[in-house]
Amino acid sequence: MTHALFTPITLRGLEIRNRIWVPPMCMYSALAEDGVVTPFHLMHYGSFARGGAGAIIVEATGVVPEGRISPRDSGLWNDVQRDALVPIVQLAHDHGAAIGIQLAHAGRKASTHPGWGTDSSGSLGAEEGAWRTVAPSAIPFPGLDVPEALDAAGIDAVVEAFAASAVRAAQAGFDLVEVHAAHGYLLHEFLSPLSNERTDEYGGDLAGRARLLLRVVDAVREAVGEDMPVLVRLSGTDWLEGGLTLEEVGQVGAWLSEHGVDMLDVSSGGNLHPAPIPVGPGYQVPLAAAVKQASGLPTAAVGMIDEPFQAEQVVATGQADVVLLGREMLRDQNFPIRAAKALRFAGHYITPQYERAHS
Ligand SMILES: Cc1cc2nc3c(=O)[nH]c(=O)nc-3n(C[C@H](O)[C@H](O)[C@H](O)COP(=O)(O)O)c2cc1C
């Protein structure tokens with residue numbers, strides 16, 4: 001039997017113990033609305049490390065206040081936020097997991113209600129602390145407020161904010177950073193013709209639409225130095241006529257490779273809804289495989305990968321290099337231990353305090 005899931009992978013100098021990783025998942029739990037993580041986050045991320053995940057990617061974290069999806073998102077635009085993340089990084093390391101953080105700007109999908117604890121949806125009202133959102137063009141996401149189109153100075157400020165947050169991520173001890181360019185947030189909005197109607201050098205053909213993402217990636221690389229792996233999450237397709245296509249995303253992936261990105265995390269959709277998305281087990285794996293082929297970069301596959309043998313098959317057949325399990329890891333943080341048992345892999349991690357679980 002193969003144990004592809006439990007074969008370590010190395011990105012730059014970083015060896016990661018297995019291929020079962022946790023994707024970024026917003027917890028909307030910076031309850032003081034200051035972008036600062038709390039004891040909840042320590043328990044949450046620590047439980048994935050204790051459960052044996054290879055790498056954990058901390059949730060979408062705003063690089064500026066106006067880049068948060070909701071007021072309860074975490075952020076990394078100041079040093080208080082950075083320092084609060086340090087115990088999470090240390091706990092992950094204590095339990096043998098690598099840990100990264102997804103740096104994000106929500107663009108025209110910012111200033112909305114958090115994902116739980118409220119009956120409201122859509123954009124925040126003025127009395128709820130709404131802020132003016134920004135985007136490539138003044139085209140609203142359906143049901144949300146009209147954003148302001150970024151000017152040249154605003155674009156430069158976005159690049160600088162990603163770089164400044166990346167510096168703080170490195171200072172906090174994170175092993176890797178992931179740039180969020182998927183799901184209809186700011187960098188995806190620039191990539192997609194559905195949301196980018198600019199006529200300057202940041203719009204038009206694919207090279208123009210990808211210009212901001214490549215600038216951000218260059219700035220992040222300069223910020224973190226040569227040793228830290230940089231990942232980019234892309235939507236492999238908009239799933240819509242006239243939207244970003246898989247072929248275009250493959251080309252963007254090839255450019256990202258030339259710009260020193262180490263791995264692509266391939267999700268899909270999010271820039272317009274409803275989109276006809278064929279949701280089902282492993283439905284985005286073919287997108288990861290195609291982007292891997294086109295870009296030559298290692299890829300992470302995500303989306304309804306819930307079973308040990310299914311996950312093993314994705315990696316063993318080379319469709320992707322790692323699997324990201326989101327909701328399944330929320331249901332069972334010990335999935336890696338369970339998968340090791342199912343695949344009869346004896347050398348898996350058990351936290352030392354739990355060693356009697358082996359007997
Ligand atoms: C609660 C929750 C929060 C999420 N937040 C983020 C996020 O912060 N950034 C992101 O790129 N994707 C986010 N996602 C998407 C997941 O990373 C993942 O792509 C998606 O859940 C599909 O994988 P799954 O079927 O294994 O859950 C979120 C998903 C969930 C369930």
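Predicted model: local features only at pLDDT ≥ 70, side-chain atom pairs only at ≥ 80, totals over all residues.
Q: What does UniProt place at residues 5-343?
A: The unreviewed UniProt entry gives a domain there, named "NADH:flavin oxidoreductase/NADH oxidase N-terminal".

Q: How much of that stretch is helix, and how much is strand?
A: Over residues 5-343 the chain is 35% helix and 16% strand.

Q: And how far apart are the end C-alpha atoms?
A: They are 9 Å apart.

Q: New topic, empty space. How do you find it?
A: Rolling a probe the size of a water molecule over the atoms shows where empty space is left.

Q: How many cavities of 30 Å³ or more turn up in the whole structure?
A: The search finds one. The volume of the largest cavity is about 40 Å³.

Q: Which residues line the largest cavity?
A: Among them are R68, D73, H105, H180 and Y185. The lining also includes A60, T61 and G62.

Q: Which strand gives the most to that lining?
A: Strand 4, residues 55-62, with three residues.

Q: How does the lining of the largest cavity divide?
A: Five residues are nonpolar, five are polar and two are charged.

Q: What classes do the lining residues of the largest pocket divide into?
A: They divide into 18 nonpolar, 10 polar and six charged.

Q: What about the second largest pocket, how much space lies in it?
A: About 190 Å³. It has 14 lining residues, and I69, T112, H113, G122 and L144 are the closest to its centre. I69 also lines the largest cavity.

Q: And by class, what does the lining of the second largest pocket have?
A: Seven nonpolar residues, six polar and one charged.

Q: Switching to helices. What describes two packed helices?
A: The angle between their axes and the distance between the axes.

Q: OK, at what angle do the axes of helix 6 and helix 7 cross?
A: They cross at roughly 50° and come within 8 Å. Helix 6 covers residues 246-258, and helix 7 covers residues 285-295.

Q: Why are helix 6 and helix 7 called oblique?
A: An angle between 35 and 65 degrees counts as oblique, so helix 6 and helix 7 are oblique to each other.

Q: Is that crossing left-handed or right-handed?
A: Helix 6 passes helix 7 in a right-handed crossing.

Q: How about helix 5 and helix 6, where do their axes come within?
A: The axes of helix 5, residues 206-224, and helix 6 come within 11 Å and cross at roughly 40°. That makes helix 5 oblique to helix 6. The crossing of helix 5 and helix 6 is right-handed.

How values were computed: Residues numbered from 1 in each chain as written. Heavy atoms only, no water. UniProt positions renumbered as here; feature names shortened; annotations may be inferred. Helix = DSSP H or I, 4+ residues; strand = E, 2+ residues; numbered from the N terminus. 1 Å grid on protein atoms, 1.4 Å probe; cavity = no way out; pocket = protein on both sides within 12 Å on 5 of 7 lines; lining within 4 Å. Points joined across faces, edges and corners; volume = space filled by probe spheres on them. Nonpolar A, V, L, I, M, F, W, Y, C, P; charged D, E, K, R; others polar. Axes fitted to C-alpha atoms, helices over the stretch in contact; angles between N-to-C directions. Parallel < 35°, antiparallel > 145°, perpendicular 65-115°, else oblique. Left-handed = near helix turned anticlockwise from the far one by under 90°.
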